[in-house]
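Open the model in your viewer and keep the selection panel at hand. The tour goes from one selection to the next.

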Amino acid sequence: MIPEQIEKALNLMIEIYKVKEKGYHPFLIREGWQVAQLNYMPEQDIDNIQRLDIHHLTDEVFILLKGYAVLISATVGNAQVDFELELMKPNLTYNIPKGTWHNIAMTQGCEMIIVEKSNTHVSDFDHYELKDTSLQELKNRVNQLFDSINDVKSDGQ
């Protein structure tokens, strides 16, 4: 069953999908794998991110289609969070290995494709709620990366 917010053109042998709605939408689920589209939603704004996610059984692949996003990974231990951040570039493939805490900060209009083991969004995830000091560090570092985009845009004008 394909949700209404996903357009599907069905030719005889080629299926074409387009997701327009905000949020996370697995649209192509096959045995063992799935493709989803994540479109900007307020929960992915850096000012609203409160936690990290982890998948124990699958890697998760991200491909930025348009807009700006920062891929966040982290190690968590003894109430200490060490972040690794990557300002994503369009049309590159980024992989978060299984067992890695992660999240993604997006700006309005951002769209990306996610590939992972089927039904990961249903049963293979845990969350780690970030404490105030970690949240502030994360926001500062992500905002620095987003600001660097604006600096480049200003220099190029």
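Is Tyr-17 buried or exposed? Select Tyr-17: its relative accessible area is 17%, so the residue is buried (buried means under 20% relative accessible area, exposed over 50%, partly exposed in between, with a 1.4 Å probe and protein chains only).

Before going on, note that this is a predicted model, in which local features need pLDDT of at least 70, side-chain atom pairs count only at pLDDT 80 or more, and totals for chains, interfaces and linings use all residues. Residues are numbered from 1 along each chain as its sequence is written, and side-chain values use heavy atoms, with hydrogens and water left out.

Tyr-17 sits in strand β2 (residues 15-19) and Phe-27 in strand β3 (residues 23-30), so the pair ties together parts 10 residues apart in sequence. Helices (H or I, at least four residues) and strands (E, at least two) are DSSP runs, numbered from the N terminus.

**Largest pocket**

Next, select Gln-44, Arg-51, Asp-53, Asn-103 and His-127, which lie nearest the centre of the largest pocket among its 23 lining residues. On a 1 Å grid over the protein atoms alone, a pocket is an open set of points where a 1.4 Å probe fits, with protein on both sides within 12 Å along at least five of seven lines; lining residues have an atom within 4 Å of a point. The volume of the largest pocket is about 530 Å³, counted as the space filled by probe spheres set on the points. Strand β10 gives the largest share of the lining, 3 residues.

**Asn-103**

Keep Asn-103, found in strand β10. Asn-103 is buried, at 9% relative accessible area. Its side chain makes a polar contact of 3.0 Å with that of Gln-44 (a pair of N or O atoms within 3.5 Å, one able to donate a hydrogen and the other to accept it; residues adjacent in sequence count only if both atoms are side-chain atoms).

**Gln-50**

Finish at Gln-50, in the loop between β4 (33-39) and β5. Gln-50 is partly exposed, with 38% relative accessible area. Glu-129 is 79 residues away from Gln-50 in sequence, but 6.1 Å C-alpha to C-alpha.
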